[in-house]
Amino acid sequence: STIPDMSAYDTYTFNFKDTLSKGLTFGQVKSVKVENVTLTENTDYTVTTPTASNNNTLTVAMKDFKTKQQANAGKKITVTYTATLNENAVVGGAGNVNSAKIQYSNNPSTNGTGESEPSKVRVFTYGFTVDKYTGDYGENATRLAGAEFTLAHKDGSAISFVQVSAGSATANAVYRVAKAGETGTTTITTPANGKVVFEGLKN
């Protein structure tokens, strides 16, 4: 955002509010900067992390904003934070929505605040289905149960997955990309119907 002219105000509310979809897990606020000057947490701003009780909303609230930043009116202020796609991420389709807005003082005579129009970003993840069979392809082809294989990155390193569903003669097996810190497997095994669905892949 841009730091406003707060000269008509005694105090000024200025908060960044960012609502993450269920498919995004908050990491950390990396920095809050005015141009190239890094501000200090708990001195210049406070952070309220996303939880279920606050609608998964990250709030970065500026402290003593007029006193500290009036001299910087017109300069850019930037919040940078990290988040990762999780097991609830929507695969393809409309993507995983991240919506940010600014809460700001809008009346010098009162403590009233307004909110900017939300700025929305969609984060995408991808997946596909592997169908193992013998003979000519078709619904009547014999499916390969118990076939083992791996999926690899472009550099040849195997991708680690967590099994969501083992599958059956009528249901597909489902695997998602393992998150950091999770124990996954690089060996994928087809169920009786020969079909494995992969989720959480990068484009």
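Where in the chain is Asn56 found? Asn56 is found in the loop between β4 (45–48) and β5 (57–62), where strands (E, at least two residues) and helices (H or I, at least four residues) are DSSP runs, numbered from the N terminus.

## Basis of the model

This is a predicted model, in which local features need pLDDT of at least 70 and side-chain atom pairs count only at pLDDT 80 or more, while totals for chains, interfaces and linings use all residues. Residues are numbered from 1 along each chain as its sequence is written, and side-chain values use heavy atoms, with hydrogens and water left out.

Most residues other than glycine have a negative phi.

Two strands are said to pair if DSSP finds at least two bridges between them. Strand β2 (24–34) is joined to β6 by 8 bridges and runs antiparallel to it, with Thr25 standing opposite Thr84 in β6. The link from β2 to β3 is made by 2 bridges, again in the antiparallel sense, and here Lys33 stands opposite Thr38 in β3.

Strand β7 has antiparallel links to several strands: 7 bridges join β1 to β7, 5 bridges join β7 to β9 (residues 119–123), and 3 bridges join β7 to β8 (residues 113–115). Within these pairings, Lys17 stands opposite Lys101 in β7, Ala100 stands opposite Ser119 in β9, and Tyr104 stands opposite Gly114 in β8.

## An open sheet of four strands

A mixed, open sheet is formed by 4 strands in the order β10-β17-β15-β14. Strands β10 (126–131) and β14 (161–165) stand at its edges, each with a single partner strand, so one side of each is left without a neighbour in the sheet. Neighbouring strands of this sheet are turned by 25° against each other on average, direction ignored; the axes are lines fitted to C-alpha atoms, for helices over the stretch in contact, and angles run from 0 to 180 degrees between N-to-C directions.

Strand β10 is joined to β17 (residues 195–201) by 5 bridges, and the two run antiparallel. Thr129 has Val197 in β17 as its bridge partner.

## Nonpolar cores

A nonpolar core is a set of buried Ala, Val, Leu, Ile, Met, Phe, Trp, Tyr and Cys residues joined through side-chain atoms within 4.5 Å. The largest one has 20 residues, and those with the most contacts inside it are Phe14, Val32, Val60, Met62, Phe65 and Ile77. Strands β1 (14–20), β2 and β5 each supply at least two residues of this core, and the largest share, 5 residues, comes from β2. Apart from it lies another core, of 11 residues, among them Leu151, Ile159, Phe161 and Val196.

Contact means heavy atoms within 4.5 Å. Leaving aside neighbours within four places in sequence, Met62 is in contact with residues including Phe14, Val32, Asp44 and Ile77. Asp44 itself is found in the loop between β3 (37–38) and β4 and is buried, with a relative accessible area of 12%.

## The largest pocket

About 700 Å³ of space lies in the largest pocket, and of the 26 residues that line it, Thr125, Val177, Gly200, Leu201 and Lys202 lie nearest its centre. Strands β6, β15 (173–177) and β17 each supply at least two residues of the lining. On a 1 Å grid over the protein atoms alone, a pocket is an open set of points where a 1.4 Å probe fits, with protein on both sides within 12 Å along at least five of seven lines, and lining residues have an atom within 4 Å of a point.

How values were computed: Buried means under 20% relative accessible area, exposed over 50%, partly exposed in between (1.4 Å probe, protein chains only). Grid points are joined across faces, edges and corners, and a volume is the space filled by probe spheres set on the points.
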